[in-house]
Amino acid sequence: MMQDKNTKYVVGSLKKFDNVTQKFYQLSSGCLQGSPPSLDQGNNLFTPMLPLAHPIHRQTYSQWKYSMFVNTQFRRKRGRTLYLLPIGPFPADITETEVARLRLWDFLKGFAAAFFYGLDVHVLPEISLENIDCTKRVHKNTNQKQVLVGDLFSYLQRMCPPDGYSVVGISWTDLYPSEELNFVLGEASFVQNSAAISFGRFEPKLYKDELRVRECGSEREDDRAVMLLKLTKSLCHETCHLMGLSHCVFFQCLMNESSSMEQAFKQPMFLCPVCLRKLQKMCKFDIRERYHMLREMLLKCCEAVESPYFADSAEWLDRCLSVLD
């Protein structure tokens with residue numbers, strides 16, 4: 001199949017893929033056309049970010065590949081296991097949460113294994129935040145304890161077993177990136193092979209008279225659905241950073257940058273063709289097999305909680321698979 005220059009620019013050469021996979025990646029050319037793709041182009045699976053950002057803000061597949069080569073040239077070879085580390089304490093109702101008869105940590109392990117299909121995923125034993133030497137503060141508006149996220153990276157790096165690619169710490173305690181900033185949902189350090197995310201966040205600017213105001217989702221949305229959504233999206237977004245992916249400016253994508261809970265909530269759960277190409281190179285998966293695994297995990301979410309977001313995401317995967325099958 002002939003590859004147009006726009007596609008080659010953003011996702012590199014596709015010669016080694018079968019025709020159907022090449023056709024799927026050809027959908028990436030839509031981000032350079034200056035207008036949304038027509039309905040016959042993959043049924044509008046991917047929505048371009050228009051106007052397209054300046055080249056200095058873009059990370060094409062070739063740029064990512066070169067960056068990974070340079071950044072790993074003189075470092076030890078990483079393993080192919082992603083480790084998740086629960087950082088307690090957690091409320092009792094969180095530790096007892098089950099998703100489709102799976103403990104919360106087992107569910108997250110399964111979801112990460114589907115998203116990063118081709119890598120092994122393991123959950124390390126829970127550790128207490130009190131055993132980690134890190135800077136803490138109490139936020140002046142929310143009166144909630146917060147942890148300086150950068151202080152966690154060196155500890156998480158030391159906790160990574162020899163076969164590990166990286167460790168992602170998962171905390172209920174709120175995180176903040178610097179003294180001037182209120183909070184961060186998660187942050188990753190490519191150099192230190194580690195990331196940390198928090199899902200117990202109460203957004204300061206959405207407090208009124210010291211009472212919590214719902215930060216994302218509708219008032220009728222199941223609280224567990226909001227929690228699962230925040231957890232899975234934050235986990236996958238920050239882990240993609242650990243694999244060298246920058247924020248995406250090509251399409252509406254899981255790797256878009258967000259500056260609020262609302263923005264993060266509205267982002268898709270999936271990667272655009274440009275970011276998917278990078279992840280496929282890292283994990284060496286078959287796109288069809290990965291989408292089938294993700295669909296299975298999303299159906300588990302639909303079984304556990306009532307949320308149109310998970311149902312819509314499963315339907316989106318069905319449309320993708322119809323293009324690929």
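Thr60 is buried (under 20% relative accessible area, with exposed meaning over 50% and partly exposed in between; 1.4 Å probe, protein chains only), since its relative accessible area is 3%. The residue sits in the loop between helix H2 (19–26) and helix H3 (61–72). Helices here are DSSP runs of H or I with at least four residues, strands are runs of E with at least two, and both are numbered from the N terminus. Beyond its neighbours within four places in sequence, Thr60 is in contact with Tyr9, Val10, Phe250 and Lys278. Contact means heavy atoms within 4.5 Å.

The model is predicted: local features need pLDDT of at least 70, side-chain atom pairs count only at pLDDT 80 or more, and totals for chains, interfaces and linings use all residues. Residues are numbered from 1 along each chain as its sequence is written, and side-chain values use heavy atoms, with hydrogens and water left out.

H2 also meets helix H11 (residues 308–324). Their axes come within 9 Å and cross at roughly 130°. Axes are lines fitted to C-alpha atoms, for helices over the stretch in contact, and angles run from 0 to 180 degrees between N-to-C directions. The two helices are therefore oblique to each other. Angles under 35 degrees count as roughly parallel, over 145 as roughly antiparallel, 65 to 115 as roughly perpendicular and the rest as oblique. Val20, Thr21 and Phe24 of H2 make the contact with Cys320, Val323 and Leu324 of H11.

Across the chain, there are eleven helices and 13 strands. Buried residues make up 54% of its 325 residues. Of the contacts with a separation of 6 or more, 69% join residues 24 or more positions apart.
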